[in-house]
Amino acid sequence: MQDRYDFKAIETKWQKIWANEQAFKTTEDYDKKKYYVLEMFPYPSGKLHMGHVRNYSIGDVVARFKKMDGYNVIHPMGWDSFGLPAENAAIKNGIHPFTWTNSNINDMHDQLNSLGLSYDWDREVATCKPDYYKWMQWLFIQFYKKGLAYKKDNPVNWCPDCETVLANEQVVDGCCERCKTPVTKKHLSQWYLKITDYADRLLNNIDTLEGWPDKVKTMQKNWIGRSEGAEVKFDIDGTDKTLVVYTTRPDTLYGVTYMVMAPEHPYVLELVEGTEYETPVKAYIEESKRKSEIERTSLTKEKTGEFIGKYTINPVNGKKVPIYISDYVMMDYGTGAIMAVPAHDQRDFDFAKKFGLEIIPVVDVPDVDLDNLTEAAAAEGTMINSGEYNGMNNKDAIKKIIADLESKDLGKKTVNFKLRDWLISRQRYWGTPIPMIHCEECGWVPEKEENLPILLPTDVEFTGKGDSPLTTSKTFRQCTCPKCGKPAEREIDTMDTFLDSSWYFLRYCDAKNEDAIFDPKKVNYWMSVDQYIGGVEHAILHLMYSRFFQMVMHDLGLCDAEEPFKNLLTQGMVTKGYTDKDGNFVVAKMSKSLGNVVAPKEIQDKYGADTARLFILFAAPPEKELEWSDAGVEGSYRFLNRVYRLVYEYITDIRGDLKVPSEITINNADDKSLNMMINVTIKKVGEDAGGRFNFNTAIASIMELVNEMYKYKQNAEMNLALFDKAINCLLIVANPFVPHITEELWEQLGHTDRLYQAAWPTYDESALVKDEVEIIVQINGKLKDKVAMPNNSDKEVIEEAAKNLDKIKGELEGKIVVKTIVVPNKIVNFVVK
């Protein structure tokens, strides 16, 4: 055994052994309790960053602990490998997206292995490979058959210079991020998934997710955005058209002083055609097309709009109300038109002030001068200026007004959701081809399932201009209608990559199945995922879409579980301090642009993977931000060297050729103290690693055990059997955190089995009880002294011992003890005057 900790040799050795032995390969054992731990799979950019290291180290501790704790653990990994960066690399470097992606996958596979992560690589999936996207296409067809996939026109971001569709993320300040040309909107026919059919179920099930953080559940509820209100009909004066609006506050109908339509509303151009308003309205519509949704809906931006020269009739009082268009109203929310009540809505108030529109309060608000409003007033209280509803409480008025509207066919009670159907079409090459075919006679028809997968063609050109590169293929588009056999054309859009990541956790359960998407028996054994781990930035879209897919698969009879993830851990960011351009020291998320990145390889080369893991697990609780510290990394490395020396000295100097007794006897106070620390550590680490995920406190308790062991080995009368137990327990409880060094030391101790296969040790409850406890002694609540007492001493004995302390005697002299408070094993407080 080497006398120094050679992490490079140790880590290389054990990574090879684990790979050769397929150490973490998992198969179904239907008689054994299972545990499914999963970290969100990465996009294969080619390089791991510290956020990856933190995410995957957390998952690995859980997986290794649960395996030791007797579970049949599945811990898979794969690649979310479709996406725009590969296509951009193809344009920039003249390399096919698959070549670029596959090279990155290989690099990142090696990087993950270098961290000692316990993945079952037999279950690896890559979403860009046909054996995965075949089943993605099959799933799409099932959605289509179920009425959950449909096509409709929708405006998209369009760069006229690049002649291409842009994702929202590619639009910066209204311009194309690549060529800086102002972006416009273009209408395209695109595919949607009908997630709104599942809105109520997605919302109601949130309360069953007991293992999810409250903040994530709240974010999901807000995104679904269920509200109850009314749809109200406003006839457009002088026309045969009716403008329908949705409002949660029908009690404020008498306060409506103008209406606002989305610039894209289909009525707008028709209503202004041939009028003096046509030119300015068209100009405003073009200006709106250049703005992103975030820019348009910002509460802080100045309100803009155009009067279109038309009026609606308020159905409750017959009053004429002017119609404006404004970009803060979105066509895809509600009905694309709103009624404006400026007295009681700040955005409406700002707009009314700018355009000189009437402001009519309809709810009496105490202590507010309603005739001279400087801002919108709250709308809770007694109705005013509301005709027959005056004097009613506004909440009662809501019900009465809806009922009256329904009786006159002027409106109806409605439930609305902020959640919109999911636009899944992408005008890109590097994604799953949508398995639909358009026939002049049959319309849209799904490809025959036996013909799947529809493969991405290789005869394409990547120019960055024009439509999808799929249009350049001479072999892809033309095909035969699966229904009538006549010439037809394939869909040339590909799927949003969020679809690929919405069910990968199910495919892991049966990743190599060529005949079906998966075997339901296997999925029903492994699912749901017991612990899911990933960044909070995925709290809405990815998790919502995954829940939607799981529910649909449940309804299709493919699996029993209705929710995919029992427990969710959202780990915090990794941050690092840097000096900004003004000379200020700032702590921020690691970023290349800020120059505060620490590459994992840099740390592994200098200190080893176990040190990187230990620091990142010890520096902060997993759900909190972790501030990088070079000193903290050094400290973690020094600790591992202490562990190595401790075991090395035990093997070479303490145990040597001696035979370790099989029976352990506790002979003295030092033995009892070490034995208690062993059992405390087993209990603490097991609880922290197995459920609470307080890895920092688990590691702290391991460090305390090491300190106690160093102290104990100075003992001239060392109990060899007890110290041997301590050494072995130390390596077992530390193994999930630092697997390489512990596996090496385990082997050096003479074990022929592997440490990762060891059972988690049990602790002796009786050993946790101290013979003697230290009790704090106070006078009037202030600490004065401490006294050592036998555990669980009677109150009277504790009080007497405290009174007899020299310091306490002096403090109590000449004073009257009014009251004595004794909490056994903890505190004595003398209340005196």
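## Largest cavity

Leu-614, Phe-639, Leu-640, Val-643, Ile-699, Ile-702, Leu-730, Ala-734, Phe-737, Val-738 and Thr-742 form the lining of the largest cavity in this predicted model. The space inside the largest cavity comes to about 80 Å³. Two cavities of 30 Å³ or more are present in the structure.

Three helices, α19 (630-655), α21 (695-712) and α22 (720-734), each give at least two residues to the lining of the largest cavity. The largest share belongs to α19, with three residues. Sorted by class, this lining has 10 nonpolar residues, one polar residue and no charged residues.

## Second largest cavity

The volume of the second largest cavity is about 30 Å³. Its lining consists of Arg-54, Ile-58, Ile-616, Leu-617, Ala-620, Pro-622 and Phe-695. At least two lining residues come from each of α2 (50-68) and α18 (609-618).

By class, six residues of the lining of the second largest cavity are nonpolar, none is polar and one is charged.

## Helix α18

How many of the 10 residues of α18 are buried? Nine are, so α18 is largely enclosed by the rest of the structure. The buried residues are Ala-609, Asp-610, Thr-611, Ala-612, Arg-613, Leu-614, Phe-615, Ile-616 and Leu-617.

Among these buried residues, Leu-614 also lines the largest cavity. Ile-616 and Leu-617, likewise buried, line the second largest cavity.

## Second largest pocket

The second largest pocket holds about 320 Å³ of space. It has 20 lining residues, and those nearest its centre are Lys-151, Arg-477, Glu-491, Ile-492 and Asp-493.

Which strands each supply at least two residues of the pocket lining? They are β3 (149-159), β4 (164-166), β7 (184-193) and β22 (487-490). The largest share, three residues, is from β7.

The lining of the second largest pocket divides into five nonpolar, seven polar and eight charged residues.

Methods
Residues numbered from 1 in each chain as written. Predicted model: local features only at pLDDT ≥ 70, side-chain atom pairs only at ≥ 80, totals over all residues. Heavy atoms only, no water. 1 Å grid on protein atoms, 1.4 Å probe; cavity = no way out; pocket = protein on both sides within 12 Å on 5 of 7 lines; lining within 4 Å. Points joined across faces, edges and corners; volume = space filled by probe spheres on them. Helix = DSSP H or I, 4+ residues; strand = E, 2+ residues; numbered from the N terminus. Nonpolar A, V, L, I, M, F, W, Y, C, P; charged D, E, K, R; others polar. Buried < 20%, exposed > 50% of the residue type's maximum accessible area, 1.4 Å probe, protein only.
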